[in-house]
Amino acid sequence: MSDYISHDHEGDGIDRRGFLQCMAWAGTGLLWTVSGGVLASKTLVQIAKAGEPLPATDLSFLQISDSHIGFSKEANKDVTETFKIALDRINAMPTPPSFLIHTGDISQLSKPEEFDTFDEALKSCRTKDVFYVPGEHDVLDGSGKLYRERYLKSVEGKGSGWYSFNKNGVHFIGLVNVLNLQAGGLGQLGDEQLEWLEADVKDLGTSTPIVVFAHIPLWAVYPQWGWGTSDSEQALGYLKRFGSVTVLNGHIHQVLQKVEGNVTFHTAMSTAFPQPAPGTAANPGPMKVPAEKLRSLLGLTSVQYHQGKSSLAVVDSNLG
Amino acid sequence: MITLTSENSRRALLCAISFLSLSVFALAGEMKDVDSVAAKKNTIEIKDFNFNPKTLTVKSGEKITWINHDEEPHTVVSVEKQFKKSPPLDTDQQFTITAGAPGTYSYFCSVHPKMTGTIVVEQP
């Protein structure tokens, strides 16, 4: 399979074929490395398979998303198993990541037993530090109380659960955009969270690398399907002065990336099931692929961002 | 019947209805798996992330039932909190309320807020 983009009409580093291949991804995570304040990504499969040592970096961490524990329909009848496969991949890495970020939808229906199953599976992971933000499936009770008690206690989340922390000179910001949603609208941060964000970054130097993570994309991926956040522009306005901002989201179960000035937007794949590319299906729900194909589709493609390049690279790497 | 001539009077009316409706808008609040509910009267089908029909007109006292045919969970939540919200409805689950006072009731899915619908309740 080609590792190159054959048709790049719009200069955005993605062609139709590459885009469609994004649709089939499931069951893996991305390793993010911070080197000189710029993030680049590789699929775990690439790293684990090649036994390739990690490049010398200041910090490495891993994003995992959309586990949907409790989902058992045709698109993947055993999401716990594929989540465990993702964990196995993490454990097989020559150098474990410093920590994980889970960008939401741990559960399918916010049930305690679903969270229990997730927590139990996660015990097998060598990397113990995990930072969370909720997805809409985690807060179906309307308040996210259960989620918050389980996953946001240690970070002392403000408001509905947002927080920030520093690691190796990088400032991480976990935002909540799945609560108090308004009829007809998209994901939403809300005034209180925006005010907090403005104050949170006010005293940081512009050279501080910023990583923002939230469940629903903080850019208008496809508003017709609710794939966006209504007040994300205001949030990003507070981050404009920084030299390196990376926005990590989940929710759409496929990798899409956009670079806008100093901001790189990236959505991660799911460990549970793929979802259709924007506008290519009747609805954005789980996309069925033949069962025997699901695992062979795991971790097939990575998206890499290199400093100095304005375009993104979509790389196919079939496990075979 | 009151004739609504402007958005303001409409809002005032909705407010008044909202005030009364929690007691008047009787709730069956049932959620159960679907057996055979083919073409049931006053049924709103949830499919492809849409409420269908988007606007349903019923008589006061009639039952209204939502059925989720998607593989995603959905909810039914009154915009003005005029009736109790549904629990998350998984595939093939349904939710029933009984229409109360005449008026217009907007609702949405709190999980996928792009999904909106309207219930118009008329005098029996």
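**Figure 1. The contact between chain B and chain A.** In this predicted model, 17 residues of chain B are in contact with 16 residues of chain A, two residues being in contact if their C-beta atoms, placed from the backbone, lie within 7 Å. The side of chain B that touches chain A has seven nonpolar, four polar and six charged residues. In this classification Ala, Val, Leu, Ile, Met, Phe, Trp, Tyr, Cys and Pro count as nonpolar, Asp, Glu, Lys and Arg as charged, and the others, Gly among them, as polar. The model scores ipTM 0.76 and pTM 0.79. Residues are numbered from 1 along each chain as its sequence is written, and chains are lettered from A and ligands numbered from 1 in the order in which they are written. Because the model is predicted, local features need pLDDT of at least 70 and side-chain atom pairs count only at pLDDT 80 or more, whereas totals for chains, interfaces and linings use all residues.

Figure 2. A:Gly185 lies in the loop between strand 7 (170-174) and helix 6 (191-201) of chain A; helices (H or I, at least four residues) and strands (E, at least two) are DSSP runs, numbered from the N terminus. Beyond its neighbours within four places in sequence, A:Gly185 is in contact with A:Ser230 and B:Pro113. A:Gly185 counts as partly exposed because it has 17 C-beta neighbours inside 10 Å. A residue is buried if 20 or more other C-beta atoms lie within 10 Å of its own, exposed if 12 or fewer, and partly exposed in between. On the other chain, B:Lys114 is found in the loop between strand 8 (103-108) and strand 9 (116-122) of chain B. With 19 other C-beta atoms within 10 Å, B:Lys114 is partly exposed. Not counting residues up to four places away in sequence, B:Lys114 touches A:Gly184 and A:Gly226.

Figure 3. Within helix 4 (residues 112-122) of chain A, A:Glu114, A:Phe115 and A:Phe118 are buried. These residues cover an arc of only 100 degrees around the axis, which puts them on the same side of the helix; the arc is that of the directions from the helix axis to the C-beta atoms. The face turned away from the buried side carries the exposed residues A:Pro112, A:Glu113 and A:Glu120. Helix 5 (145-151) of chain A is included in what covers the buried residues of helix 4.

**Figure 4. The largest nonpolar core.** A nonpolar core is a set of buried Ala, Val, Leu, Ile, Met, Phe, Trp, Tyr and Cys residues joined through C-beta atoms within 7 Å. The largest has 83 residues, and those that touch the most other members include A:Leu175, A:Val212 and B:Ile119. Helix 3 of chain A supplies the largest share of this core, five residues. Among the residues buried in helix 3 of chain A are A:Phe83, A:Leu87 and A:Ile90. Leaving aside neighbours within four places in sequence, A:Leu175 is in contact with residues including A:Val133, A:Trp162 and A:Leu189.

**Figure 5. Confidence along chain B.** Over residues 33-39 of chain B the pLDDT is below 50. Where pLDDT is low, the predicted coordinates should not be read in detail.

Technical notes:
pLDDT = per-residue confidence, 0-100.
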